[in-house]
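Hi,

Here is the structure I promised to pass on.

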Amino acid sequence: MNHKRLVFLVCLCIILGLPLSASMVSFFLVETGIPDSSPNTQYTRIWEDGLMDAFFEAGHIVTNSPASRFDTEPSSEICEVVEFEFNEAVEGGAEYFIVGYLRYETNGPRQIPQEITLQVYSTQNSALLHVLYFPAGSGRDNQEEFQIAKNAGWVVITQMRNN
């Protein structure tokens, strides 16, 4: 009986002594190509949820800020609004900041997503680590679109691990 207790205590000490490898990741999505007067779209939320779900399943701590809307994707790497959110992520302890530009096109009364650009930044040195492009709006329904977003999240995670 004492042998079992000793093995249990050794295993517990090993587990508790291992460093935690979970990174804190902050997300910020930006809709582009939609007028401010247009109602919120479901796709932005689907993409945000899918990306965050993949990171959560991979063991990361995830946070997000409410999505914003720009007329066009900013030409500079970090514009003023994104810089504010980046600084908030840094203050909150995030190790990575991911900004996603979800580009929409208007088709009559509907806004249809075309592509999402994901920029992955390190908060330690503000370095842009990766820029990845994924098609958006190609799912047959919300569940399939969610899965596409989640798969994109896994691609980003793989790229981050290869750093």
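**Aromatic pairs and salt bridges**

Y121 is buried, with a relative accessible area of 1% (buried means under 20%, exposed over 50% and partly exposed in between, using a 1.4 Å probe and protein chains only). Before going on, two words on the ground rules. This is a predicted model, in which local features need pLDDT of at least 70 and side-chain atom pairs count only at pLDDT 80 or more, while totals for chains, interfaces and linings use all residues. Residues are numbered from 1 along each chain as its sequence is written, and side-chain values use heavy atoms, with hydrogens and water left out.

Aromatics to start with. Rings of Phe, Tyr and Trp (its six-membered ring) pair if their centres lie within 6.5 Å; planes under 30 degrees apart count as stacked, over 60 as edge-to-face and the rest as tilted. The structure has four such pairs. One of them is F27 with F55, an edge-to-face pair at 5.2 Å centre to centre with 80° between the planes. F27 sits in strand β1 (residues 24-32) and F55 in helix α2 (residues 42-57), so this pair ties together parts that are 28 residues apart in sequence. (Helices are DSSP runs of H or I with at least four residues, strands are runs of E with at least two, and both are numbered from the N terminus.) F27 counts as buried at 1% relative accessibility, and F55 is buried at 0%.

Back to Y121: what does Y121 pair with? Its partner is F97, in a tilted pair with 6.5 Å centre to centre and 40° between the planes. F97 is in strand β4 (residues 96-107) and Y121 in strand β5 (residues 110-122), 24 residues apart. F97 is buried too, at 0%.

Now the charges. A salt bridge here is a side-chain nitrogen of Lys or Arg within 4 Å of a carboxyl oxygen of Asp or Glu, and a search of the whole structure turns up seven. Among them is R69 with E31, whose closest N and O atoms are 2.8 Å apart. That one links strand β3 (residues 68-70) to strand β1, 38 residues apart, and both R69 and E31 are buried.

K150 and D53 also meet in a salt bridge, at 3.0 Å from N to O. K150 is in helix α4 (residues 142-161) and D53 in helix α2, 97 residues apart. K150 is buried at 12%, whereas D53 is partly exposed at 24%.

Cheers
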